[in-house]
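Work through the exercises below with the sequence and the model open. Each task is followed by a solution in steps.

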Amino acid sequence: MLYRILDYAHYLLEQSIEPGETALDGTAGNGHDTVFLSKLVGEKGNVLSFDIQEQAIESTHDRLVEHNIYNVNLIMDNHAHFKKYIDEDAVLGGAIFNLGYLPGSDKSVVTEAVSTLEAVQGILERLKKKGILVLVVYHGHEGGQQEKEALLKSLSKLDQKQYNVLRYGFLNQVNTPPFILAIEKK
């Protein structure tokens, strides 16, 4: 059985994140990944969940309330600024980004290569050994191709002695299907 994209993203994070750790959701969106991360880190862990759109923060907040979750810090800011919200010596158990736009919202508000790459670099510095950063790359929107190409170019240059970089996706799906870029710190 092949995992669907989001199921595989979650599977990878399950292999990386342990109870009591800190995890990061770089794109809160509608809160699904934030809830998932919250369950992985447990009551003694912490999740930092970022989005630049008030609608996403509100939606995620509502989902957290619905699930009685209290171990999440919702932050309305660009994920590239995550270092302002985390202790200097904090280590991340794992992180996830769903790149693109917020479903059901303004499709002109999208993630961008420059800020995404800045966030990725910072997260890799803070990621624990054997920790995994998962990027779900939606690239069928305006600007999506550029972000995809920038990520592929940058991540393919990561030192293989320090990181494993995986690309996972389906080749025979229509409409520019999303794919995963996963980075494991050795």
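**Exercise 1.** Determine how strands S4 and S5 are joined and in which direction they run.

Solution. Strand S4 covers residues 92–99, and seven bridges join it to S5; two strands pair if DSSP finds at least two bridges between them. The two strands run parallel. Leucine 92 has leucine 127 as its bridge partner in S5. Next, take burial: nine of the 11 residues of S5 (residues 127–137) are buried, so S5 is largely enclosed by the rest of the structure. Buried means under 20% relative accessible area, exposed over 50%, and partly exposed in between (1.4 Å probe, protein chains only). Helices (H or I, at least four residues) and strands (E, at least two) are DSSP runs, numbered from the N terminus.

The model is predicted: local features need pLDDT of at least 70, side-chain atom pairs count only at pLDDT 80 or more, and totals for chains, interfaces and linings use all residues. Residues are numbered from 1 along each chain as its sequence is written, and side-chain values use heavy atoms, with hydrogens and water left out.

**Exercise 2.** Which residues have a positive phi without being glycine?

Solution. Most residues other than glycine have a negative phi. Lysine 130 is one of the exceptions, with a positive phi of about 75°, and lies in strand S5. Threonine 176 is another, with phi near 40°. Threonine 176 lies in the loop between strand S6 (163–169) and strand S7 (179–185), and counts as partly exposed at 41% relative accessibility.

**Exercise 3.** Classify the ring pair of tyrosine 168 and phenylalanine 170.

Solution. Rings of Phe, Tyr and Trp (its six-membered ring) pair if their centres lie within 6.5 Å; planes under 30 degrees apart count as stacked, over 60 as edge-to-face and the rest as tilted. The structure holds six aromatic pairs. In this one the centres are 5.9 Å apart with 75° between the planes, hence edge-to-face. Tyrosine 168 is buried at 16%, whereas phenylalanine 170 is partly exposed at 21%.
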